[in-house]
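Below are some notes on the strand pairing and helix packing of this model. Please read them alongside the coordinates.

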Amino acid sequence: MLAEIKGLNEECGVFGIWGHPDAAKITYYGLHSLQHRGQEGAGIVVTDGDSLHGIKGEGLVTEVFTEGKIEKLEGQSAIGHVRYATAGGGGVENVQPLLFHSQNGSLALAHNGNIVNANALKHQLEAQGSIFQTSSDTEVLAHLIKRSGFLSLKDQLKNALTMLKGAYAFLLMTESELMVALDPNGLRPLSIGRIGDAYCVASETCAFDIIGAEFIRDVLPGELIVIDDHGLRSEPFTYSTSSAICTMEYVYFSRPDSNIHEINVHSARKRMGKQLAKEAQIEADVVTGVPDSSISAAIGYAESAGIPYELGLIKNRYVGRTFIQPSQSLREQGVRMKLAPVRGVVEGKRVVMVDDSIVRGTTSRRIVTMLREAGAKEVHVCISSPPMKNPCFYGIDTSTHEELIASKHSVEEIRDIIGADSLTFLSVDGMLQAIGRPQDGNQCGQCLACFTGNYPTEIYPDTVLPHEKELVR
């Protein structure tokens, strides 16, 4: 996948449905539409009203679930998960949903995000006798629920959620209900839909379009939703909330046909490209985008600058996700297998190459080199987000400054490293204006930590590597 080249990956996507006779099949299609959010593992758990049972495995949704396996998942309600391993590492034991059985019934958990105080909570729980079966931070919630002194599961969950810090969009299913919870900052997207009489929940609204569901609304920060055979009920589990949705959802992670808080992702990216063109002011002959997430911004850039947009880079759709790269020379070749310049478009031209972000810089350097080898006279790199200078602790696999080229080098130094004729990053203010989110305190309704270093939650010491602690505010 292109995300492997770019070095930027999101942790996962979740989908749930309650009260549909084809719950497992609907969940399969929902997960398929969320495949871009995680390609390392997938799972589905269903309930028939009496028990929970599930299937999960490593690989893509189509690899884990055959038609025969889906047929075995009988029940009218289900939750599913696609995973990219950041917290907890790989292994089938960490593939979700996690399924727990006890004398009082069963529960299944699916989680998108990253709990920053998970290690501290694990130490505390183990000291009290808990034994963890996985290295996933998601399992912490199950132990907190079971150790709660409250009688009802809803109160147990509310109490447990108040102990968690970080990013979490949780789906919890029992034999009789589906519970949905979003962290007090709403760092990860989560939406509610309806298909017939059944309610569904998904990380992105594109899943609703695939299954023919009607979008109802977004889940609010700090909100707990309970769905059962009697309908949908909502209440806050905390009143201490401050919206700070991950800005990279708009920039890179979400599919362009998704809407996040009523803002279409493609439209937001196109506006970012237009604003980038205004800030860059580059004379060029052709604009091209790095497929796929940068295409929308490249189109906006071309429209604003009055420069033709062309497919100067083609993505090979048939490169396997497990392509073996045993040597440095073959790793370099891996980019060429996944991306190819179109010589007839770029040869002899001054090219503006639009991309959504620069993480380590290695991919940008290789693409610039490929464009030059294809005959580009000039290559100007324009990035539709600000420099990523700070690590993310909320579910993106950039947890140290060392992984981020912009944390160690100036824009001019990065330009020299990647070999571009010029390098322009979109400003923070320009990005916020283009996305169009309403102002909401210091965070403007969005998490800007990877750009500004201002984190919306406390960052726990055991989350940060020792030599990084003085760098994280």
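1. Gly16 has Val201 in β10 as its bridge partner. This is a predicted model. The two strands involved, β1 (residues 12-18) and β10 (residues 198-202), pair in the antiparallel sense over four bridges.

2. β1 and β10 belong to an open sheet of seven strands, ordered β3-β2-β4-β1-β10-β9-β11, with antiparallel pairing. The edges are taken by β3 (52-58) and β11 (214-218); each has a single partner strand, so one side of each is left without a neighbour in the sheet. On average, neighbouring strands here are turned by 15° against each other, direction ignored.

3. Which strands does helix α2 lie across? Helix α2 (residues 23-33) lies across β1, β2 (41-47), β4 (77-83) and β9 (191-195). Relative to β4, helix α2 runs at about 25°.

4. There is also an open sheet of six strands, in the order β5-β6-β7-β8-β12-β13, again with antiparallel pairing. Its edge strands, β5 (98-102) and β13 (231-236), each pair on one side only. Neighbouring strands of this sheet are turned by 20° against each other on average, direction ignored.

5. At the β13 end of that order, β12 (residues 223-228) and β13 pair in the antiparallel sense over six bridges.

6. Helix α6 (residues 139-146) lies across β5, β6 (105-115) and β7 (166-173). The angle to quote for helix α6 is about 25°, taken to β5.

Notes: Residues numbered from 1 in each chain as written. Predicted model: local features only at pLDDT ≥ 70, side-chain atom pairs only at ≥ 80, totals over all residues. Heavy atoms only, no water. Pairing = 2+ DSSP bridges. Axes fitted to C-alpha atoms, helices over the stretch in contact; angles between N-to-C directions. Contact = heavy atoms within 4.5 Å.
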